Structure formats: C-alpha cells, structure tokens
Amino acid sequence: MSLVPAPVTAIHLDHISKSFTLDGGGTIAALGEVTLKIDKGEFVALLGPSGCGKSTILRLVAALEEPSTGAVTIEGRAPVELSRQHRLGVAFQDHALLPWLTIAQNVALPYQLAGKPVDKARVSALIALVGLAGFEAARPKQLSGGMRQRASIARALVLKPDVLLLDEPFGALDAVTRRQMNVELQRIWSEQRITTLLVTHAVDEALFLADRVVVMTGRPGKILKTVEVPFARPRHPDVTREPRFHELVDELTLALEPAGGHG
Amino acid sequence: MKHRQRIRTITLGAIGIALFLALWELIGIRGWAGLTWPPLSTVLAFLFDPSRRPLFLRAMTASFSMIAFGYAIGLVLGLAAAALGHLVPPLRPGLDRLASIIHAIPTIALAPLFIVLLSRELTGMAIAALGVFFVIYVSATSGLAASSAAHRDLFQVFGTSRLTQLRRLDMPAALPALVSGMKYAVPAAFIGAILGEWFGSSRGLGLLMVSAMQNFQIPLLWSAVLIASTASLLIFGLMSLAERLAYERYR
Ligand SMILES: Nc1ncnc2c1ncn2[C@@H]1O[C@H](COP(=O)(O)OP(=O)(O)OP(=O)(O)O)[C@@H](O)[C@H]1O
Ligand SMILES: [Mg+2]
C-alpha cells in the first residue's frame with residue numbers, strides 16, 4: 001500500500017508546436033513550443049486564456065491533429081495506436097451526443113464502436129453516477145446543456161480508458177451542480193486513477209481535481225507556470241475551505257491575469 | 001402553438017384543394033374550356049362505375065407494379081452507388097459524372113433503346129428506375145457527408161472501423177436527406193413508368209391515356225390522369241410525413 005512505484009511517463013508532449021493554415025493562405029500559430037510529461041495515473045489540469053491552444057493540445061493527444069513540430073507520444077507510441085485499441089476516453093467541449101440515440105444508447109456507444117458486448121450494468125451505473133438516472137430513454141434534445149455534458153462524461157468513462165481527455169466538461173453547469181460533479185469525478189477517478197488531462201477555466205475545479213495544474217500564456221500558448229497540488233486523496237469537498245487552497249487559488253488566478261506573465 | 005399552426009396549415013391546404021376541385025367542376029359544367037374538359041362529377045361517375053372496375057384495376061395493377069419495381073431498382077442502385085462512392089473515394093468523381101450524364105440525357109430519347117433492348121412492357125420500369133436512381137444517388141451522397149465534424153472526431157477517437165462508422169454514424173446522419181430524396185423520387189417513378197407505357201405497352205394507365213386520347217374518350221382520359229395524379233400525390237404526402245419524422249429524430 002505505502003509502496004510508491006517509480007512514475008512512468010504516460011503522455012509526453014515533446015517540444016510540440018502547432019500552426020494552422022487559414023483559408024486565406026496565411027498561417028496562425030495556435031500553440032507555441034510546449035513540453036509536458038504526464039505520469040501514468042496522474043491528473044493534470046490545463047488552465048489558460050481563451051484561444052491559447054488548450055483544446056489543440058487535447059486534439060493532438062487524441063490523434064485528431066498532427067503537431068507542426070515536435071512529437072506526441074503515449075507510452076512511447078503514437079497516440080493513434082491508443083485510439084485504435086479503444087483505450088482513449090474523451091469528452092469534448094461540444095458534447096457530441098448522437099441525436100438519434102437515447103441517453104443510455106449514447107453512453108453505451110463506445111462498446112459498439114469497439115465491437116465489444118455492451119455492459120448494461122456499467123452503463124446504468126455510470127448514468128446514475130452522473131445524476132441522470134431516470135433519463136435513460138430521453139433523447140439529447142430533451143436534456144439541458146449541463147445534462148448533455150454529464151452524459152458525455154459517462155460515455156467517456158464507460159470503456160475504462162487508460163487515458164481520459166476532458167475539455168471543459170462542466171462548462172455549462174451551474175456552480176452547485178458543478179461542485180457535485182467535481183466530487184463525483186474525483187471519487188470515480190480515485191478508484192481507477194486514469195491518466196487524465198483536463199481543460200478548464202475554473203481555478204478551484206483544477207485545484208480540487210488535479211495533481212498538477214499547468215497554466216498557459218495567451219496565444220500562441222506556452223507553459224507559464226506549473227503548480228503541484230499538495231492535497232491528499234481521496235479529497236473531501238472540505239479541502240476547498242482550507243487556507244492553503246485559497247492561497248493556491250489566488251496564486252493561479254494572478255498567473256492567469258494578462259499581466260501575470262511578467263509579474 | 002406549433003399544434004395550432006399545423007392545424008391552420010392543414011385547414012388552408014384543404015380549402016385550397018376544395019377550391020381547385022370546385023373550379024374544375026365549374027369550368028366543366030359551363031364548358032369554358034370546351035368539350036375536352038369534363039366536370040369533375042362526370043369523371044368521378046365514370047371512374048366509379050362498377051362495370052369499369054376491372055378495366056381500371058388491370059391498368060392500375062400493371063402501372064403500379066412497374067412503378068414499384070422501377071422505384072425499388074432505382075433506390076437499390078442509387079444507394080449502392082452512393083455507398084460505393086462514400087467508401088471508395090477515388091470512385092466518387094466517376095460516379096458523379098455517370099449520374100449527371102444519365103440525368104442529362106432526355107429519357108424519352110432512351111425509350112426506343114429500352115424497347116429494343118428489354119421489351120415494350122419493361123420500358124416504363126427502366127425509365128422510372130433511371131429517374132429514381134439519379135435522385136437517390138444525389139440525395140444519399142449529400143446525406144452521407146452530412147455528419148458533423150464533432151461526431152466524426154468522436155468516432156475516430158474511439159477507434160471506429162470504417163464500416164462501423166458507416167453503420168452507426170454516416171447512415172443515420174444521411175437519413176433526413178435520403179428520405180427527402182425518396183420523396184422526390186416518387187413523381188419521377190410515376191413519370192418514367194407512364195411515359196414508358198405511352199410507347200406501346202399493352203397494359204397500364206399510360207396505354208389507357210393514349211388510347212383514350214386517340215379515340216376521343218374524354219372521361220376515360222381524365223379518369224386515368226386522375227388515378228395517376230392522386231396516387232402520386234398520396235404517396236408524396238406520406239413521404240413528407242416520414243421526412244418530417246426523420247428530420248425531428250435524426251437532426
Ligand atoms: N482547425 C483550425 N484552423 C485554424 N485555426 C484553428 C483551428 N483550430 C484552432 N485554431 C486556432 O488555434 C487557436 C487555439 O485554439 P484552441 O481551440 O486550442 O483554444 P482554447 O485554448 O481551447 O480556447 P477556449 O478556451 O476558448 O476553448 C485559436 O486561435 C484558434 O482560432
Ligand atoms: Mg477549447
């Protein structure tokens with residue numbers, strides 16, 4: 001139990017940058033040079049101003065984009081291998097539920113995409129976990145934005161992925177529900193310790209959930225600051241009331257302010 | 001709110017149809033359009049006269065089976081071509097060109113060829129199939145490209161095979177456009193089949209029309225036209241309903 005194994009690098013962003021070619025022919029530097037190592041079983045949160053390239057980093061790790069320079073590896077191999085083995089779980093900024101499927105069918109979809117038998121018990125357990133019990137037969141259109149996001153998180157978790165990528169998964173939730181979802185996600189995560197990369201705008205969410213918080217500069221995004229989160233797991237919601245928590249919130253908020261990069 | 005709007009649309013539609021039929025009757029009774037425009041009541045009396053039932057039933061069976069087979073063949077071929085172009089992208093430009101060539105040739109010009117190649121009886125079916133094929137190919141092709149980028153990303157991240165994606169994403173996302181295409185293919189099948197029957201088929205509503213015209217049997221001519229138009233409109237209306245359901249669920 002108390003034995004701490006040597007950390008193994010799971011996700012490695014090795015001097016990556018990304019620029020996009022615009023329709024007009026010009027190029028836009030979305031991401032400056034970024035190097036980041038995420039250990040197996042580590043939870044890293046990405047904070048940064050809008051448009052700094054957070055979603056781009058997630059898309060690079062998900063093999064949806066190729067870096068312009070540098071390389072992304074997961075366990076030493078190309079990310080596309082992981083997705084081919086159905087070992088990635090994602091919840092995008094846009095929930096991306098299929099409108100013609102019910103919530104239960106949407107959550108069960110990854111099994112079908114992987115060609116595996118659907119574990120109905122796990123599907124309903126996850127739906128209950130994200131607070132959607134009773135909405136199994138509803139269609140995405142009939143749910144609120146926040147409920148759809150929660151369904152998409154259940155879908156991301158259903159295959160017990162080795163790497164979890166979450167892009168502002170709670171962005172559409174009110175403060176109370178968001179807090180509840182953070183507590184639930186923290187609990188699920190503590191049981192499985194999935195290597196996780198979370199993009200968020202909420203500093204307290206990042207601190208409550210992550211082992212490490214990475215703050216990025218404005219576009220083209222670079223890493224400005226990394227903060228190790230000192231709170232032991234499993235975390236009780238009460239940690240958010242500790243003075244140390246507030247100090248860290250202040251520190252990160254300051255770093256996020258436009259002038260923070262020079263202070 | 002929405003419900004009331006629907007009721008109003010239906011009421012207005014019914015009033016429109018009633019006005020149209022009343023005008024038809026009036027023009028016929030007054031003889032404003034001459035002898036060749038009989039009142040609606042005369043046509044209906046002619047049409048529903050029990051002694052003519054076998055005649056009309058035979059013609060309807062012949063025409064409708066040609067229309068149905070032509071529609072089915074065009075549908076299957078159109079779907080197959082669209083799926084092929086979707087799964088093997090290099091074939092896409094060739095298939096597009098083939099479809100537009102088929103569409104650009106006036107089908108009447110092909111009728112003599114079909115008569116020689118197939119038979120007089122099957123010419124209508126072949127023309128119907130060609131018309132349906134084009135509409136279905138175009139709508140299915142655009143439908144298969146209708147899935148959203150976010151959904152395609154999702155399927156890619158979950159490591160979906162090409163065929164699974166076709167089944168679970170591309171095809172459901174294509175359904176609204178496809179059902180619209182299937183709706184517009186209905187009149188195309190009717191036109192094709194009846195046109196084919198004009199070219200000397202020995203059965204069907206088309207033959208009835210031609211022979212009634214040549215023998216100046218005005219009520220018979222109008223009856224045949226009425227049957228064909230009503231059937232086409234009815235199926236078109238049903239397809240509109242299916243279309244609305246498809247858009248509600250799949251969009
Ligand atoms: N496909 C693309 N083509 C062109 N430019 C792009 C593309 N994708 C992203 N960008 C640009 O790259 C930059 C970073 O985008 P990204 O979506 O990663 O930002 P973000 O940090 O996630 O922002 P937000 O917090 O608002 O979601 C933006 O300026 C955006 O305009
Ligand atoms: Mg983003």
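This tour goes through chain B and then its interface with chain A.

The model is predicted; local features need pLDDT of at least 70, side-chain atom pairs count only at pLDDT 80 or more, and totals for chains, interfaces and linings use all residues. Residues are numbered from 1 along each chain as its sequence is written, chains are lettered from A and ligands numbered from 1 in the order written, and side-chain values use heavy atoms, without hydrogens and water.

**Stop 1: chain B.** Select residues 55-88 of chain B. This stretch is 97% helix and 0% strand, with its end C-alpha atoms 49 Å apart. Helices are DSSP runs (H or I, at least four residues), as are strands (E, at least two), numbered from the N terminus. Next, select 125-150 of chain B: 85% helix, 0% strand, end C-alpha atoms 42 Å apart. An unreviewed UniProt entry annotates both ranges, among others in chain B, as "transmembrane region". Such annotations may be inferred rather than shown by experiment.

**Stop 2: the interface.** Show both chains. Here 25 residues of chain A are in contact with 20 of chain B (heavy atoms within 4.5 Å).

**Stop 3: the salt bridge.** Select B:Asp153 and A:Arg59. Their side chains meet in a salt bridge, 2.8 Å from N to O. The rule (a side-chain nitrogen of Lys or Arg within 4 Å of a carboxyl oxygen of Asp or Glu) finds one across this interface.

**Stop 4: chain A's side.** Select helix H2 (79-84), strand S5 (88-91) and helix H3 (103-113) of chain A. Each gives two or more residues to the side touching chain B. H3(A) gives the largest share, four residues.
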